[in-house]
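This report is meant for someone meeting the structure for the first time. Please look it over before reading on.

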Amino acid sequence: MAEGDKQQKRFTAWKRCAIVLLMLLVIIPSSISVILMFQMTGLRKDVRELQNEVRIWNGSSEQEAYTENMQLGEISEAEATADVVALENKLVWDDMEQNAQKWSSSSGIRRVYLTFDDGPSSNTDKILDILDEYGVKATFFVCGNERYMEEYQRIVEEGHTLGMHSYSHKFREIYQSTDAFVEDMNRLRDYLYEVTGVESKIVRFPGGSSNTICENDIMQDLIAYFAQEEIPYYDWNVSCGDAASSYISAERIAKNVLDNVWKYDSVIVLLHDASNKDTTVEALPMIIEKILESEDTVLLPITEDTTPIQHVQAN
Ligand SMILES: [Zn+2]
């Protein structure tokens, strides 16, 4: 009887051991899989960001980066066509180094112009709040979007410059011909006047004058057209890099600006005002604070009298 009891106990102990062992065999591998899965997702994101950077460094267009992100389901097709293109190619940057002298002034005061492309968006109010907080005026190169009528008005009322960027921002349509572009721009000019009572006097070509979608002779025609209209076009000499991929950290955006802003005496900084660019908004206070700390640097809105920075000029 006692022997039977012992055997029973031993059997129960073994059973427990077996169950615990079995549970460990299940729990440990599944926990490891979950951890690895999270790490893999993070790594894939990093790889994608790096690929985008390499692509831009190699001189291919942001369009490709966007198209790829779109295929990966990162952004919608609308954003992929709306928010694009080119220009940060190496050629342009080499030119910029050569142009550094030309963009220097003798006044000893560095003028920095923060410019926001593609708005208004769900982030416009946040951007305006930050600018207001620091008492800084900037420039918005806007598109046509009837959802944000109050934001256009706020831009004007708070003393920022309202620039034109195209109504539709659809590269394949607007850059088809000079007429198509002019028609789209006139639509935007009329719309902005109707909403704000202000006639916009400056323009930024979608993708910049050096974009890879618009053919050279059309760009030359457009440059001639705006010269005749006395509407200067503005590119940039510092880019925050926020168009490069669907995700770029706020720290990286701030670093892209703050590493380069001191190279010139007249600096036009490219930033984006878009609903998927929260990190640009997040980076803005860091950028403004560092620039304001520098005694010989001022932050200004672009006006018609601001000397333009242009990647492509009239032949
Ligand atoms: Zn744009």
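At roughly what angle do the axes of helix 5 and helix 6 cross? In this predicted model, the two axes cross at roughly 20° and come within 10 Å. The contact is made by Thr124, Asp125, Leu128 and Asp129 on the side of helix 5, and by Glu151, Arg154 and Ile155 on the side of helix 6. Angles under 35 degrees count as roughly parallel, and helix 5 and helix 6 are therefore described as roughly parallel to each other. Their crossing is left-handed.

**The chain as a whole**

The chain is built with 11 helices and 6 strands. It has 315 residues, of which 47% count as buried. Among contacts with a separation of 6 or more, 76% are between residues 24 or more positions apart.

Helix 6 spans residues 149-157, and its buried residues are Glu151, Tyr152, Arg154 and Ile155. These residues lie on the same side of helix 6, because they cover an arc of only 160° around the axis. Glu150 and Glu157 are exposed and sit on the face of helix 6 turned away from the buried side. After helix 6 comes Gly159, with a positive phi near 85°.

Several elements take part in covering the buried residues of helix 6, including those in the table.

| Element | Residues |
|---|---|
| Helix 5 | 124-134 |
| Strand 2 | 139-142 |
| Strand 3 | 161-164 |
| Helix 8 | 178-196 |

**Thr178 in helix 8**

Helix 8 contains Thr178. Is Thr178 buried or exposed? Its relative accessibility is 17%, so Thr178 counts as buried, the cut-off for buried being under 20%. Neighbours within four places in sequence aside, Thr178 is in contact with Ile218, Asp221 and Leu222.

**The zinc ion**

Which residues are the protein donors of the zinc ion? They are Asp118, through OD, and His165 and His169, each through NE2. These donors lie 2.0 to 2.2 Å from the zinc ion. Along the sequence, the spacing of the donor residues is D-x46-H-x3-H. Both histidines, His165 and His169, are buried.

Terms used: Residues numbered from 1 in each chain as written. Predicted model: local features only at pLDDT ≥ 70, side-chain atom pairs only at ≥ 80, totals over all residues. Heavy atoms only, no water. Donors = N, O, S within 2.8 Å, 3.2 Å for Na, K, Ca; no water. Buried < 20%, exposed > 50% of the residue type's maximum accessible area, 1.4 Å probe, protein only. Helix = DSSP H or I, 4+ residues; strand = E, 2+ residues; numbered from the N terminus. Arc of directions from axis to C-beta. Contact = heavy atoms within 4.5 Å. Axes fitted to C-alpha atoms, helices over the stretch in contact; angles between N-to-C directions. Parallel < 35°, antiparallel > 145°, perpendicular 65-115°, else oblique. Left-handed = near helix turned anticlockwise from the far one by under 90°.
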